[in-house]
Amino acid sequence: TAESDRIIYNSATKQLSTIGITTIQEEGRLILADRSFYDDPADIAVFVGNVCMSDSNQIICADSIRYNEKMKVGVALGNVVSRDTSNDVTLECERLDYNDSTSYVVATGRPLMTSVINSDSLFLSADTLYTYSKDTANSDSMRILIAHKNVRLFKNDFQAVCDSLVYSMTDSLFQFFIDPVLWSDTSQFTADTIQAFLANEKIDRIELQQKAFLINSTDEIYFNQIKGRTITAFFANDSIRTMRVNGNGETVYYIQDEQKAYITANKTTCSRMLVVFDKNQVKDIHFYTQPQGRTHPMKKIKPNTLQMEGFEWRITERPKSKDDLRQLKQQE
């Protein structure tokens with residue numbers, strides 16, 4: 001059914017137009033717009049001006065929406081806000097292409113995704129966002145998100161930048177590709193590829209694969225550093241608890257007294273390490289397989305003396321809040 005200030009129907013072409021505030025209800029879907037146009041033979045509908053289209057689990061609002069009923073595909077243009085009410089996920093963008101039959105969505109125009117996770121929110125921005133559903137071995141449906149180019153992510157317990165990202169919404173797995181950097185509290189993680197696993201909506205562990213490098217600092221003057229072929233960091237209550245380093249392990253870590261004054265710095269290499277943290281600071285390190293190390297008194301150390309090859313503190317790139325993502329969106 002359709003209601004509008006003015007309805008015009010051409011029986012010869014089987015085309016219908018509405019002018020003025022329009023309300024349409026059909027097959028569980030509610031559509032509001034200033035104007036609309038239906039081409040019945042082509043099965044195409046166009047809605048213009050303050051458009052909102054909603055059904056049982058999704059709301060899309062935009063300046064205009066064009067929908068092909070036969071193909072089940074649509075495009076929303078201008079000030080697009082799409083909300084998946086079943087998963088509490090919102091997309092803001094300039095253009096949204098979607099396919100109802102395959103659940104495939106493409107958002108462009110520097111889209112911003114907001115995903116509400118209990119009392120916390122995850123914000124993700126990129127040049128392009130893709131989402132689709134993938135069937136699993138046990139016939140369940142897994143929702144996948146792909147972010148491409150200039151990816152920026154902010155969540156209270158971790159932040160990240162990279163070129164590309166894949167996020168499985170079902171099992172809460174993030175995969176960061178091409179020059180990824182991830183931060184959590186006072187630690188920075190880099191590697192060829194980074195995987196972050198969430199459990200109970202909080203970060204559970206981070207896996208660094210190839211050229212793994214962790215930098216940890218509370219004062220940004222002296223930096224604990226850990227390198228290896230692979231590194232796995234385990235978290236509890238938003239803090240690193242332990243870390244396993246496998247292959248070509250190297251570390252520089254600073255020892256402090258009870259008053260937090262620096263005493264010495266140790267530089268050690270070995271094949272494998274187990275690092276124990278307390279309050280996001282290195283508490284103890286266990287070395288395995290022929291460790292070789294040296295202790296340096298602090299009076300002989302300048303802040304950048306013991307920086308390992310590949311050291312790069314990229315704190316200026318770190319998103320500090322949701323507003324950082326919005327500012328990037330406006331600038332671009």
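A disulfide is taken here as a pair of cysteine sulfur atoms within 2.5 Å. A search of the whole structure on that basis finds 1 disulfide. The structure is a predicted model, in which local features need pLDDT of at least 70 and side-chain atom pairs count only at pLDDT 80 or more, while totals for chains, interfaces and linings use all residues. Residues are numbered from 1 along each chain as its sequence is written, and side-chain values use heavy atoms, with hydrogens and water left out.

The disulfide joins C52 to C61, with an S to S distance of 2.1 Å. The link of C52 and C61 is right-handed, with 105° about the S-S bond. For accessibility, buried means under 20% relative accessible area, exposed over 50%, and partly exposed in between, with a 1.4 Å probe and protein chains only. C52 is partly exposed because its relative accessible area is 26%, and C61 counts as partly exposed at 21%. C93 stands apart from this pair: its sulfur is 12 Å from the closest cysteine sulfur, in C61, and therefore too far for a bond. C162 is likewise in no disulfide, the nearest cysteine sulfur, that of C93, being 19 Å away. With relative accessible areas of 2% for C93 and 7% for C162, C93 is buried and so is C162.

The interior is described next through its nonpolar cores, a core being a set of buried Ala, Val, Leu, Ile, Met, Phe, Trp, Tyr and Cys residues joined through side-chain atoms within 4.5 Å. The largest nonpolar core has 62 residues, of which L96, L124, L165, F174, F176, F189 and M243 touch the most other members. Apart from it lies another core of 13 residues, including F213, Y222, M298 and L306. Contact means heavy atoms within 4.5 Å. Leaving out residues up to four places away in sequence, L96 touches I60, G74, V75, A76, V80, S82, L91, V105, V106 and A107.

Strands (E, at least two residues) are DSSP runs, numbered from the N terminus. V89 is placed in strand 8, residues 89-99. V89 is buried because its relative accessible area is 11%. Beyond its neighbours within four places in sequence, V89 is in contact with S82, R83, D84, M113, T114 and S115.

The largest pocket holds about 670 Å³ of space. Among the 29 residues that line this pocket, D84, S86, N87, R143 and M169 are the closest to its centre. Strand 8 gives the most to the lining of the largest pocket, with 6 residues; strand 7 (73-84), strand 10 (112-117), strand 12 (128-135) and strand 13 (141-155) are among those that each supply at least two.

Conventions:
Helix = DSSP H or I, 4+ residues; strand = E, 2+ residues; numbered from the N terminus. 1 Å grid on protein atoms, 1.4 Å probe; cavity = no way out; pocket = protein on both sides within 12 Å on 5 of 7 lines; lining within 4 Å. Points joined across faces, edges and corners; volume = space filled by probe spheres on them.
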